[in-house]
Amino acid sequence: MDNIYVPSTWRRLTAQAVDSLIRIVFYIPFGKAFFTLAFTDDEVRISLGHLLVLFLIPAIYEFVFLVLMQATPGKWLMGLKVVPFSNPAEKLHWSQCVLRPLTERLSLFFSWAIYAAAFFRYDRTHVADWVAETRVVQFTPRPKRADIRWFLGALLIIFYVYDGMHSARSTLQTIDWENHEIDLRALVDSDSVSEMMEEYEDL
């Protein structure tokens, strides 16, 4: 398979946006909680089991479509495909379909830093690709070769690692371990932009 190319950043971001819109359907069972959170000031408590489901929905979504067609709907629409790194002509092994989306769930702690690492590579692979030994490709030529962007990559990683750690800490602090519940209202309030700005000012 010689006619494969490193995907452009805009294609990958567009694919991610499309997948995010499609995944909204899978959050419908939690619609009441989200509606209450958005339009009232009431407390919104969910079990840790439901929180785990919310956390894993993107991973399950990607796993299913990687098994079926080696691409999520967003990637497919943008002409992208996930292939084994060593041999793009082969199909993905089931373990790669599991490892890639599960590794991406590290975003709970590192936000988009795991993706920003791709700016340090000409092939634009990131942490999840390294673990699963995969890469994303496109089948139309790029106008020019992908460049390594040290400054942008480092800046994004620093920002997203801080953001991810802040969000993870806020999540853990708002969990009611005794009752195995979490208050989504408290989580959203603790992770507000104003609080983050206050922390920056204290540094």
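These exercises, each with a worked solution, concern a predicted model.

**Exercise 1. The overall picture**

Find how many helices and strands the protein has, and what share of its residues is buried.

Solution. 
- Start with secondary structure: the protein has 11 helices and 5 strands.
- Then take burial. The protein has 203 residues, and 39% of them count as buried.
- Next, the extent. Along the principal axes, the C-alpha atoms fill a box of roughly 55 × 40 × 30 Å.
- The accessible area is about 12,000 Å², and carbon and sulfur atoms account for 66% of it.
- Last, the contacts. Take those between residues at least 6 apart in sequence: 75% of them join residues at least 24 apart.

**Exercise 2. Charge**

Count the positive and negative side chains of the protein, and state how far apart the centres of the two sets lie.

Solution. 
- Positive side chains number 19.
- Negative side chains number 24.
- The centres of the two sets are 15 Å apart.

**Exercise 3. Helix α1: length and faces**

Check the span of α1 against 1.5 Å a residue. Then decide which residues of α1 are buried and where they pack.

Solution. 
- Helix α1 covers residues 9-23, which is 15 residues.
- The expected span uses 1.5 Å times one less than the number of residues. For α1 that should be 21 Å.
- The end C-alpha atoms of α1 are 21 Å apart, so the two values agree.
- Now sort by burial, with under 20% relative accessible area as the cut-off. Arg11, Arg12, Ala15, Asp19 and Arg23 of α1 are buried.
- The buried residues of α1 pack against helices α3 (48-69), α4 (73-77), α5 (94-104) and α8 (127-132), and against strands β2 (80-84) and β3 (134-138).

**Exercise 4. Helix α2: faces again**

Assign the buried and exposed residues of α2 to its sides.

Solution. 
- Helix α2 spans residues 31-39, and its buried residues are Ala33, Thr36 and Leu37.
- Their arc around the axis is only 100°, which means they lie on the same side of α2.
- On the other side of α2, the exposed residues are Lys32, Phe35, Ala38 and Phe39.

**Exercise 5. Pro7 and its contacts**

Locate Pro7, classify its burial, and list what it touches.

Solution. 
- Pro7 belongs to the segment before α1.
- Its relative accessibility is 1%, so Pro7 counts as buried.
- Leave out residues up to four places away in sequence: Pro7 then touches Arg12, Leu80, Val136, Val137, Gln138 and Arg142.
- Arg12 is also one of the buried residues of α1.
- Compare sequence with space. Pro7 and Asp123 are 116 residues apart in sequence, yet their C-alpha atoms are 8.4 Å apart.

Notes: Residues numbered from 1 in each chain as written. Predicted model: local features only at pLDDT ≥ 70, side-chain atom pairs only at ≥ 80, totals over all residues. Heavy atoms only, no water. Helix = DSSP H or I, 4+ residues; strand = E, 2+ residues; numbered from the N terminus. Buried < 20%, exposed > 50% of the residue type's maximum accessible area, 1.4 Å probe, protein only. Contact = heavy atoms within 4.5 Å. Areas by Shrake-Rupley, 256 points an atom, 1.4 Å probe, with all protein chains shown as cover. Lys, Arg positive; Asp, Glu negative; His and termini not counted. Charge placed at Lys NZ, Arg CZ, Asp CG, Glu CD. Arc of directions from axis to C-beta.
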